[in-house]
Amino acid sequence: IDGPREFTKKLPQETERWLQEEGLSPAEAMYTRDAVIQSLQDTEVNLDELAAAAFDEPGKRDRFLEHMTASGFEGRTFSPDPAVADRLCSTLTYVLDGGVKISGDAETISALLNVDVDPTDEGKARITIESFRFERKY
């Protein structure tokens with residue numbers, strides 16, 4: 001990985017790859033993704049601090065950091081590229097069953113959606129949308 005732009009793009013990609021390999025619960029995965037997005041909004045990303053914020057369990061922190069090192073994050077800190085970080089942080093996309101996507105401005109989506117990732121009896125996440133406007137788009 002070479003330069004802030006590549007580090008900034010690669011952090012969410014490698015985090016996602018690691019989450020898939022680890023098979024974390026939806027709640028843990030969502031919390032980890034939020035921690036990554038939050039870290040990209042700072043002037044410096046410290047992977048040790050990110051891992052500590054994302055994972056209570058030391059073993060998960062260690063495996064995450066090992067994965068990042070193996071993926072090219074040899075140093076533990078980098079300065080994110082502001083333009084790339086803004087693009088990654090300003091849009092929020094949820095992918096649901098059947099490939100259905102809910103996507104839009106991160107602040108607006110966060111205000112409209114309540115996501116309960118604690119599984120229902122059927123093992124599903126529950127999403128509640130509260131909006132004054134609701135219409136079908138052709």
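Modeller: Let us begin with aromatic pairs: rings of Phe, Tyr and Trp, the latter taken by its six-membered ring, pair if their centres lie within 6.5 Å. Please bear in mind that this is a predicted model. In it, F7, F73 and F78 form one aromatic cluster.

Biologist: How many aromatic pairs does this rule give?

Modeller: The count comes to six aromatic pairs.

Biologist: What makes the pair of W18 and F55 edge-to-face?

Modeller: The ring centres of W18 and F55 are 5.2 Å apart, and the angle between their planes is 65 degrees. Planes over 60 degrees apart count as edge-to-face, so the pair receives that name.

Biologist: Why is this pair said to tie together parts of the chain?

Modeller: W18 belongs to helix 1 (residues 3-22), whereas F55 lies in the loop between helix 3 and helix 4 (58-70); the pair therefore ties together parts that are 37 residues apart in sequence.

Biologist: How do you know whether W18 and F55 are buried or exposed?

Modeller: Buried means under 20% relative accessible area. W18 has 2% relative accessibility, so W18 counts as buried. F55 has 3%, so F55 counts as buried too.

Biologist: Why is the pair of F73 and F78 called tilted?

Modeller: Its centres are 5.9 Å apart, with 45 degrees between the planes. Under 30 degrees would be stacked and over 60 edge-to-face, so a value of 45 degrees falls among the rest, which count as tilted. Both F73 and F78 are buried.

Biologist: Let us turn to helix packing. What describes two packed helices?

Modeller: Two packed helices are described by the angle between their axes and by the distance between those axes. For helix 2 (residues 26-40) and helix 3 (residues 47-54), the axes come within 9 Å and cross at roughly 145 degrees. The crossing of helix 2 with helix 3 is right-handed.

Biologist: Which residues make the contact?

Modeller: Helix 2 contributes Y31, T32, A35, V36 and S39, while helix 3 contributes L50, A53 and A54. Six of these residues are nonpolar, two are polar and none is charged.

Biologist: What makes T15 a buried residue?

Modeller: T15 has a relative accessible area of 2%, and the limit for buried is under 20%, so T15 is buried. T15 lies in helix 1. Leaving aside residues up to four places away in sequence, T15 touches T32, V36, F64 and M68.

Biologist: Why is T108 called partly exposed?

Modeller: The relative accessible area of T108 is 43%; buried requires under 20% and exposed over 50%, so T108 is partly exposed. T108 is found in helix 6 (residues 106-112). From T108 to P82 the distance is 21 Å, C-alpha to C-alpha, and they are 26 residues apart in sequence.

Biologist: What is the secondary structure of the protein chain as a whole?

Modeller: The protein chain has six helices and six strands. From the N terminus on, their order is α-α-β-α-α-β-α-β-β-α-β-β.

Methods. Residues numbered from 1 in each chain as written. Predicted model: local features only at pLDDT ≥ 70, side-chain atom pairs only at ≥ 80, totals over all residues. Heavy atoms only, no water. Axes fitted to C-alpha atoms, helices over the stretch in contact; angles between N-to-C directions. Helix = DSSP H or I, 4+ residues; strand = E, 2+ residues; numbered from the N terminus. Left-handed = near helix turned anticlockwise from the far one by under 90°. Contact = heavy atoms within 4.5 Å. Nonpolar A, V, L, I, M, F, W, Y, C, P; charged D, E, K, R; others polar. Buried < 20%, exposed > 50% of the residue type's maximum accessible area, 1.4 Å probe, protein only.
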